[in-house]
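Please examine the structure shown below together with its sequence.

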Amino acid sequence: MELPFAESWRIKMVEPIRMSTQQEREQWIREAHYNVFQLKAEQVYIDLLTDSGTGAMSDRQWAAMMMGDESYAGARSYYNMRDTIERITGFPIVIPTHQGRAAENVLFSALVHEGDVVPGNSHFDTTKGHIESRKAAAVDCTIAEARDTQLEHPFKGNVDVARLEEVIQANAGRIPFIIVTITNNTAGGQPVSMENLRQVREVADRYGLRVLFDSARFAENAYFIKTREEGYADRTIKEIVREMFSLADGMTMSAKKDAIVNMGGFIATRHEDWAEGARRYSVPFEGYLTYGGMNGRDMEALAVGLDENTEFDNLNTRIHQVQYLASKLDEYGIPYQRPAGGHAIFVDASLILSKVPKEEFPAQTLTVELYREAGIRGCEIGYILADRDPVTRENRFNGLDLLRLAIPRRTYTDNHMDVIAAALKNIYDRRESITHGFRITWEAPLMRHFTVKLEPAD
Ligand SMILES: *Cc1c(COP(=O)(O)O)cnc(C)c1O
């Protein structure tokens, strides 16, 4: 008999969690104005809000934290982290920041100006926010296949290179860089192929432009290149990662994802002029250049996490769990962005709650239903997140309307996946009876999803 698959780690420390009653959840979600960001974490049983900063650190990461050098300037921990990042990515210059959006803020303060255009593949919400708040435009050039959730494509995160070239030609002189998000979070945690990264590089070189990788899940992207792209099956994850970054001029990193730390980020580049620009903003926004919002111990844990998570076994365990949840949803016929992405399952709410009008936010409605059903906290990646057009102030209903179930790294077991799938099945079975969603009673002018207040629309 062939032995079944099992995790490449064992558990040394546990944290109790508790299932609530239906009645408790009804009250809590009402008090949270039907916005799961406003719930207390203790009111949640299985927390799939995000895979950001929610992973379990390893014994080696915890041990490394004891070695943190907390010197204000020139700490050994900074140089350890810098050396690891250079070894893994090839970028010699590293500017730490407290998280990914801070890396964007620091670098974009130097590079992005009013009237600029930044083409890329489904810019992440904070990335888009940092571009639009500087009165520049983020132009999405993701391949059209990404918009059809039921279509199987191995690299749905890819950039449409022809479209990219059109945008570049139409905006000559206004493009500070091209941004490629690996993996493409907003399109469903979908990977970008090495071939596509090479094509983007080729276009950039032809127009004398630079390429920035928004790299939060670069290791997961490398895993998909290894397992799906021809010619990479025998290459190590670290070799693939080096090749990927050889095609970029720099990276912004949310270390809360693929470095498996609770907080941290950085900018890395090979260009002194980018670094010089970033340093001007790093000091006032983040802190001195060798800590930038991180403790020495955080930088030690980050270095170990990056090293561990660019090994195949760790990634294989993780992606296998995401695919296990996908296989349960397949069994129940529940539609999600296919194939399953790296860090999450993106359930297609528009196909499930087809009776809820888009003006009443079907994916948000499904998010609230899942919480009511089993205390599971997912996250709307849909019309509320898409926010309003900065010019017309109209809701943007042209994208996908998804419920994201983000799986924290090394945190839950496959039994939890079974509970999640069963809860979704119960909702799926009664989907015809859900005909109304929510209307907005209050929203912030930028990144409204965190604080938006809602009320039932019926
Ligand atoms: C999380 C994320 C960011 C922002 O990073 P934070 O650490 O949350 O500030 C930027 N881009 C992508 C693709 C992300 O997933």
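The model is a predicted one.

The discussion begins with the helix pairs. Helix α6, spanning residues 161-170, packs against helix α7, residues 194-206, with the axes 10 Å apart and an angle of about 20° between them. Because the angle is under 35 degrees, α6 counts as roughly parallel to α7. From α6, the residues V161, L164, E165 and I168 take part in the contact, and from α7 the residues N196, Q199, V200, V203 and R206. Sorted by class, the residues of this contact comprise 5 nonpolar, 2 polar and 2 charged. The crossing of α6 and α7 is right-handed.

The second pair consists of helix α14 (residues 362-374) and helix α16 (residues 414-429), whose axes cross at roughly 115° and come within 9 Å. This crossing of α14 and α16 is right-handed. On the α14 side, L366, E369, L370, E373 and A374 meet A423, L424, N426 and I427 of α16. The contact of α14 with α16 divides into 6 nonpolar, 1 polar and 2 charged residues.

Two arginines in loops come next. R338 is located in the loop that joins α12 (312-332) to β9 (344-348). Is R338 buried or exposed? With a relative accessibility of 19%, R338 counts as buried, because the cut-off for that class is under 20%. The side chain of R338 forms a polar contact with the side chain of D330 at 3.0 Å. Beyond four places in sequence, R338 touches D330 and also T149, Q150, L151, E152 and K156.

R396 sits in the loop between α15 (383-386) and β12 (402-406). R396 has a relative accessible area of 17% and is therefore buried. Which backbone oxygen does the side chain of R396 reach at 2.9 Å? That oxygen belongs to A386, while the backbone oxygen of R388 is reached at 3.3 Å. Leaving out residues up to four places away in sequence, R396 touches K128, E132, Y383, A386, D387, R388, D389 and P390.

D387 is placed in the loop between α15 and β12 and has a positive phi of about 65° although it is not a glycine. Its relative accessible area is 9%, so D387 is buried. S122, likewise not a glycine, has a positive phi of about 45°. The loop between β3 (117-120) and α5 (125-132) holds S122, which counts as buried at 9% relative accessibility. These cases stand out because most residues other than glycine have a negative phi, and most peptide bonds are trans. A further cis peptide bond runs from I182 to T183, with omega near -15°; T183 is in the loop between β5 (178-181) and α7.

At 2% relative accessibility, I237 counts as buried. Apart from neighbours within four places in sequence, I237 is in contact with A222, Y223, K226, T310, E311, F312 and L315. From I237 to L197 the C-alpha separation is 16 Å, and the two residues are 40 residues apart in sequence.

Notes
Residues numbered from 1 in each chain as written. Predicted model: local features only at pLDDT ≥ 70, side-chain atom pairs only at ≥ 80, totals over all residues. Heavy atoms only, no water. Helix = DSSP H or I, 4+ residues; strand = E, 2+ residues; numbered from the N terminus. Buried < 20%, exposed > 50% of the residue type's maximum accessible area, 1.4 Å probe, protein only. Polar contact = N/O pair within 3.5 Å; in protein donor to acceptor, adjacent residues only side chain to side chain. Contact = heavy atoms within 4.5 Å. Axes fitted to C-alpha atoms, helices over the stretch in contact; angles between N-to-C directions. Parallel < 35°, antiparallel > 145°, perpendicular 65-115°, else oblique. Left-handed = near helix turned anticlockwise from the far one by under 90°. Nonpolar A, V, L, I, M, F, W, Y, C, P; charged D, E, K, R; others polar.
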